[in-house]
Amino acid sequence: NCLLIPDTGKMEVFGIDTKDEDRVIDIRKRIGLVFQNPDNQIVANVVEEDVAFGVENLGVEPKEIRERVDNALKTVGMYEHRLKAPNKLSGGQKQRAAAARALITNPKLILADEPTGALDSKASDELLSLFSEINRTGQTIVMVTHSVKAASTAGRVLFIRDGEVFHQIYRGNDTDEQLYQKISDTLTLLATGGDRR
């Protein structure tokens with residue numbers, strides 16, 4: 001999200017040079033973030049204020065912020081919890097609120113870093129189901145995960161080894177179970193030193 005800028009070379013995101021300080025905000029408007037530990041994302045005393053934080057510094061009018069907050073919370077099934085303190089929510093509810101904050105900017109891309117890592121299996125399933133629903137609406141989500149189960153809900157899986165793409169799998173018509181098996185087979189190949197491109 002352009003919090004760190006390269007010391008050398010040039011990096012562009014959405015065609016914008018990350019060293020162009022006047023346009024970095026345009027990049028940030030287009031990317032939503034969901035982290036592994038939802039507790040590290042909480043910045044306000046109630047859920048709706050926490051979600052609103054995602055657009056408060058982007059020049060959005062207060063009336064539109066209110067509409068966006070309500071829509072985002074409804075999308076993730078958290079509208080009825082909008083006035084609760086974040087520390088009164090379950091882990092899964094906190095991640096749903098984090099997803100709402102990521103959605104509120106109407107981003108081109110959501111980056112999710114191990115979003116199920118701090119959740120129990122039920123909350124993980126609910127969050128992955130939510131991500132699938134959001135993705136079906138056309139929202140691009142890039143999720144980094146070590147969880148085969150989480151990866152098996154994706155449309156495309158990239159395997160990274162030593163900083164390079166080692167292999168990729170497209171879902172096609174595969175079920176989650178079939179994709180799970182393909183991912184497991186590839187991980188076995190990785191673990192045994194196989195070379196597959």
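# Close-up views of a predicted model

**View 1. Confidence across the predicted model.** pLDDT is the predictor's confidence in each residue, on a scale from 0 to 100. The protein averages 89, and 97% of the residues score at least 70. Where pLDDT is low, the predicted coordinates should not be read in detail. Helices (H or I, at least four residues) and strands (E, at least two) are DSSP runs, numbered from the N terminus. The model is predicted, so local features need pLDDT of at least 70 and side-chain atom pairs count only at pLDDT 80 or more, while totals for chains, interfaces and linings use all residues. Residues are numbered from 1 along each chain as its sequence is written, and side-chain values use heavy atoms, leaving out hydrogens and water.

View 2. Two strands pair if DSSP finds at least two bridges between them. Four bridges link strand 3 with strand 4 (residues 109-113). Here Gly32 stands opposite Ile110 of strand 4. Strand 4 and strand 5 share five bridges. Asp113 has Val144 in strand 5 as its bridge partner.

View 3. Contact means heavy atoms within 4.5 Å.

**View 4. Helix 2 meets helix 4.** The axes of helix 2 (residues 47-56) and helix 4 come within 7 Å and cross at roughly 35 degrees. Val47, Asp50, Val51 and Gly54 of helix 2 make the contact with Ala97, Ala100 and Arg101 of helix 4.

**View 5. Charges over a tyrosine ring.** A charge sits over a ring if NZ of Lys or CZ of Arg is within 6 Å of the ring centre and within 35 degrees of the ring normal. The charged end of Lys74 sits over the ring of Tyr79, 4.9 Å from its centre. Arg82 also lies over the face of Tyr79, at 4.0 Å from the ring centre.

How values were computed
Axes fitted to C-alpha atoms, helices over the stretch in contact; angles between N-to-C directions.
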